[in-house]
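Here are some notes to read alongside the sequence and the structure. Please keep both open as you work through the points.

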Amino acid sequence: MTALSPAELEARLRLHHLPELGPARFRRLMDAFGSASAALSAPASAWRALGLPACSAEPRRSPEIREAAARALAWLESPGHHLLCWDHPSYPALLAELNNAPPLLYVAGEPALLERPQLALVGSRRASAPGLDTARAFARSLAGGGFVITSGLALGIDGAAHRGALDVAGATVAVLGTGLQRLYPNRHRGLAREILDAGGALVSELPLDCPPQPGNFPRRNRIISGLSLGVLVVEASPSSGSLITARLAAEQGREVYAIPGSIHHPGARGCHQLIREGAALVERVEDILDTLRGWQALPPAEEQSSPAAEAHPLLALLRAAPHTSEGLAAASGWALPQVLAELTDLELQGRVAREAGGWVHRVG
């Protein structure tokens, strides 16, 4: 932040901590006064003339706001801690295109990742085992080819996407819906540390100590999509926040991809809805790469299972939908003992898994 004086940096942090001062109002102040320092010095009547509420203007010189800015400045003194301002050359170019781009971004880790080609992988927090496998496999392939994998550190598909990138020593970015000093969910604190240790980044537009608040998670989705060339939805219900991310991506001019699933699986309905609305149907990594020619060239895909294994009739049935052992026997025409023996072999190979009293196909 060498382009900003210490006084201007402190002033921007004070503005950022004011209540009800979002990106639009922050920019309105900057446009009107030319700097955060001048905005803080302006009379309250000038703020009112810009349409800003009293709850934003009144506490700007309060000890609480000054102390919050001081804590942020202290945080920035630690190695690996950064603050990116929307009018600075280091701010991510794709994100800067948004009308409601965050005026400030806190970054822990490697900020240069935010300028590299990114693909967002999102989906249900209550994903099925096949959905988690699919997310992890796609993230491995894309990260192995040089794309940064961006997601939200949530349980379910988000976590699988981050872990897939880490599997191949790839780069991954987690965009939080909390402050960077209030990591959420608690179960992913270890994952956040792994991301940083592997050279990734944690990103948030929120004050460092901002706790989990329901309204902040849909709000952060515009950052996930805004940083990325495209968004892949792996598994989601029609009411999922992942569909918000996908629709924001479409509004931002980004590519939207969705993986279809069984008509009997509730987690596939959101993806099917996106496909009806124009999202690209994805079955292979190449379906994504075909729309991103010129951004990145992937090395040969990971070694696939043998043609004989791919042609296995039980796998073909399970790719279409989960089945019970008896259902597989009826659909294949095989005797139940033969089906059970084959399923045992496939389970040992990691090709199938038991889930909810039935059998499912495993990807990767």
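1. Which residues of strand S7 (residues 230-233) are buried on one side, and which on the other? In this predicted model, Gly 230 and Leu 232 are buried on one side of S7, while Val 231 and Val 233 are buried on the other, and both faces of the strand are covered. As background, side chains in a regular strand alternate between the two faces of the sheet.

2. Strand S7 can next be followed to its partners. Strand S3 (residues 118-122) runs parallel to S7 and is joined to it by 4 bridges, and within this pairing Val 122 stands opposite Val 233. S7 is also joined by 4 bridges to strand S8 (residues 255-258), again in a parallel arrangement, and here the bridge partner of Val 233 is Ala 258. Between S7 and S8 the chain passes through helix H12 (residues 241-251), and this β-α-β crossover is right-handed.

3. Helix H17 (residues 325-332) deserves a look down its axis. Its buried residues are Ser 325, Leu 328 and Ala 329; they fall within an arc of 100° when seen down the axis of H17, so they line one face of the helix. On the face turned away from this buried side, H17 carries the exposed residues Glu 326 and Ala 330. After H17 comes Gly 333, which has a positive phi near 85°.

4. Leu 153, in the loop between strand S4 (148-151) and helix H9 (157-167), has a positive phi of about 65° although it is not a glycine. Ala 169, in the loop between H9 and S5, likewise has a positive phi, near 55°.

5. Are Leu 153 and Ala 169 buried or exposed? Leu 153 has a relative accessible area of 1%, so it counts as buried, the cut-off for that word being under 20%. Ala 169, by contrast, has a relative accessible area of 72% and is therefore exposed, since that word applies over 50%.

6. Finally, where is the cis peptide bond, and which residues does it join? It joins Tyr 184 and Pro 185, with an omega of about 0°, and Pro 185 is found in the loop between strand S5 (172-175) and helix H10 (189-197).

Key
Residues numbered from 1 in each chain as written. Predicted model: local features only at pLDDT ≥ 70, side-chain atom pairs only at ≥ 80, totals over all residues. Heavy atoms only, no water. Buried < 20%, exposed > 50% of the residue type's maximum accessible area, 1.4 Å probe, protein only. Helix = DSSP H or I, 4+ residues; strand = E, 2+ residues; numbered from the N terminus. Arc of directions from axis to C-beta. Pairing = 2+ DSSP bridges. Right-handed = clockwise from strand over helix to strand, strands pointing away.
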